[in-house]
Amino acid sequence: MRRACFKFSWVAAALLVPQLLIIFVFFYWPSAQALYWAFTLEQPWGGGNTWVGLDNFRAILTDPYYWGSVRVSVIYALATTALAMGMALTLAVFVDRQLAGYRSWRVAIIWPYAVAAPAVGLAFQFVFNPGAGIFSYINAVAPGWWDLSRNALQAVVAIIVAGAWKQVAYSFVFFLAALQSIPRSLIEAAAMDGARPLRRMFDLQMPLLTPTFFFLLVINITDSFTDSFGIVDTLTGGGPYRATDLMVYRIYSEGFKGMNYSGAAAQSVILMLLVMALTFVQFRYVERRVHYT
Amino acid sequence: MIERTPLLNLATHLILGFGLIVILAPIWLAFVAATLTLQDVNAAPVELWPGTHLWANLKEAWVLSDFGPKFINSLIVAVGVVVGKITLACFTAFSLVFFTYRGRTLIFWMIFITLMLPLEVRIVPTYAVAANALSPFQALLDVTGMSWLINAVSGVQVSLQWNLLNSYTGLILPLVATATGTFLYRQFFLTIPDELVEAARMDGAGPLRFLWDVLIPLSKTNIAALATIMFVYAWNQYLWPLLVITDRATYGMVVVQLSDLVPDQMTTGGGTPTWHLAMAATLMVMVPPIAIVILMQRWFVRGLINTDK
């Protein structure tokens with residue numbers, strides 16, 4: 001806490017008000033609204049909402065399509081996170097050796113962060129396109145073997161690859177920063193003890209990355225739950241046969257295409273709880289263990 | 001660095017090279033597709049080397065998607081979000097750090113919690129609020145009986161209306177309503193030594209003068225970092241503009257336009273998919289944020305690490 005402060009005056013309040021108003025209108029109100037809708041049902045001919053208790057949740061949780069959506073979201077989250085973090089860690093560890101061209105490597109790996117999710121989805125739709133993309137070679141020999149719009153497994157693989165591609169840069173930046181914050185003297189001491197570069201990588205640098213690793217694990221999983229809409233929408237559109245109907249995508253289609261606000265709100269609440277639980281885990285268990293020394 | 005390791009160095013370059021190929025491959029293929037003609041791009045084995053039609057395709061895609069006004073819209077929204085975000089974050093953090101009053105911690109946490117739920121998660125009710133941004137206040141007045149009271153006293157029927165659909169305000173405001181920058185600014189303000197505040201006060205500076213003449217010049221790096229991150233964030237928004245803007249000709253953003261370019265049955269009507277145009281448009285949409293990230297690399301990395309999104 002700081003000692004020297006200004007006395008409270010209208011200035012302090014005036015500076016605070018715009019932010020508070022905005023988060024009230026666009027954050028707290030909608031979040032509360034989602035809760036309200038989740039427990040009520042809108043009357044078809046107007047006339048307000050009636051309280052239905054847990055009915056909306058019951059309807060969702062007994063819907064096999066919803067569980068399909070949860071399943072594919074979890075698979076997507078885990079697979080993209082594992083792929084992206086694995087690749088980011090490998091690249092960061094080797095970039096950190098700071099050989100010739102170190103700066104160029106760094107830029108070359110960072111820029112995909114700036115590519116919008118729908119652009120990634122669209123580019124990968126071309127890459128994975130059965131007629132024009134890379135698999136056209138195989139399809140020329142075995143027609144119809146690769147077709148995203150028919151094969152559920154291939155569609156899931158496609159969104160995972162696209163999602164992971166988009167996430168690599170973010171994790172890379174954090175891994176590299178963490179690696180560079182390891183004191184030089186530690187590495188030199190290990191080298192003097194006779195540890196060769198690979199040994200130092202596995203026994204010194206990677207263990208020191210643990211806090212960053214867990215931080216990124218939570219962030220990446222959260223992001224893949226919330227940030228997947230653009231990729232799914234342009235790459236598969238949720239299909240084939242709802243095979244890539246991720247949770248956010250489902251909320252969108254239920255709420256805005258199906259006009260089922262209550263159902264969408266209940267799903268939002270479930271997703272909110274999930275994201276909050278993940279964030280809680282991060283603060284409670286991960287952040288506390290951060291020690292680099 | 002310390003010892004000679006020619007083999008490992010070679011392996012390092014190989015691994016990094018492989019990683020780079022994986023990262024570049026999809027964009028390279030998209031780029032090549034953007035340089036081909038309609039026939040070539042749909043020819044069975046995928047082309048790996050660029051053709052000669054890049055400029056023609058870019059032009060055609062630009063005209064087809066009416067990118068001129070849309071790029072301007074994207075720019076307006078991105079700059080609006082950057083400016084709004086930085087201003088709000090700076091003001092809020094300043095108030096929270098440099099003043100003493102009760103409830104500061106509570107307010108800080110109220111703002112901080114907004115980091116937990118991204119817009120995508122609460123998209124449906126946020127959309128409803130955007131249809132009438134004053135509806136929360138209307139509801140509050142109704143529930144507390146104030147509207148009835150006002151009606152009884154003055155005979156005025158209270159009905160607050162502020163439709164944000166199809167407007168820049170509607171695009172920008174909800175994107176600004178998070179704690180991203182506030183947290184970054186607070187961290188920075190906490191590192192300002194007390195002596196500086198005391199010196200300023202002794203010289204007779206009030207809080208606003210201190211903010212303007214001392215803190216803002218000191219926080220230039222902060223501003224650059226935050227601006228980079230927020231620009232990319234705002235430019236790349238997809239779901240929100242997709243919902244809020246129905247009048248795409250006037251308010252459409254470039255990224256949203258991509259959804260119209262997916263060459264499926266709907267857009268081509270069973271004809272040959274126009275991949276060359278879709279990829280040309282994708283490239284153009286990608287360029288501004290990538291340029292920002294590369295040019296502002298140092299601040300971008302700093303911002304990314306410190307903002308916690």
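Visitor: Where does B:Asn166 lie in chain B?

Guide: B:Asn166 lies in the loop between α8 (146–154) and α9 (168–176) of chain B; helices (H or I, at least four residues) and strands (E, at least two) are DSSP runs, numbered from the N terminus. This is a predicted model, in which local features need pLDDT of at least 70 and side-chain atom pairs count only at pLDDT 80 or more, while totals for chains, interfaces and linings use all residues. Residues are numbered from 1 along each chain as its sequence is written, and chains are lettered from A and ligands numbered from 1 in the order in which they are written.

Visitor: What is the phi of B:Asn166?

Guide: Most residues other than glycine have a negative phi. B:Asn166, although not a glycine, has a positive phi of about 55 degrees. B:Asp66, in the loop between α3 and α4 of chain B, also has a positive value, near 50 degrees.

Visitor: Are B:Asn166 and B:Asp66 buried, exposed or partly exposed?

Guide: A residue is buried if 20 or more other C-beta atoms lie within 10 Å of its own, exposed if 12 or fewer, and partly exposed in between, with C-beta atoms placed from the backbone. B:Asn166 has 15 C-beta neighbours inside 10 Å and therefore counts as partly exposed. B:Asp66 has 13 such neighbours, so B:Asp66 is partly exposed. B:Val287, found in helix α18 of chain B, is exposed because 10 other C-beta atoms lie within 10 Å.

Visitor: How is the packing of two helices described?

Guide: Two packed helices are described by the angle between their axes and the distance between the axes. Axes are lines fitted to C-alpha atoms, for helices over the stretch in contact, and angles run from 0 to 180 degrees between N-to-C directions. The axes of helix α3 (residues 54–65) of chain B and helix α18 (residues 275–295) of chain B come within 8 Å and cross at roughly 85 degrees. α3(B) and α18(B) are therefore roughly perpendicular to each other (under 35 degrees counts as roughly parallel, over 145 as roughly antiparallel, 65 to 115 as roughly perpendicular and the rest as oblique).

Visitor: Which classes of residue make the contact of α3(B) with α18(B)?

Guide: The contact has eight nonpolar, three polar and one charged residues. Ala, Val, Leu, Ile, Met, Phe, Trp, Tyr, Cys and Pro count as nonpolar, Asp, Glu, Lys and Arg as charged, and the others, Gly among them, as polar.

Visitor: How many residues of chain B are in contact with chain A?

Guide: Two residues are in contact if their C-beta atoms, placed from the backbone, lie within 7 Å. By that rule, 83 residues of chain B are in contact with 88 residues of chain A. Helix α1 (residues 6–34) of chain B gives the largest share of the chain B side, 13 residues.

Visitor: Which residues of chain B does A:Ala132 contact?

Guide: Beyond its neighbours within four places in sequence, A:Ala132 contacts B:Val41, B:Asn42, B:Val46 and B:Trp275, among others. A:Ala132 is buried because 28 other C-beta atoms lie within 10 Å.

Visitor: Where is confidence lowest in chain B?

Guide: pLDDT is the predictor's confidence in each residue, from 0 to 100. Where pLDDT is low, the predicted coordinates should not be read in detail. In chain B, confidence is lowest in helix α17 (residues 265–268), at a mean of 54. The mean pLDDT of chain B is 84.
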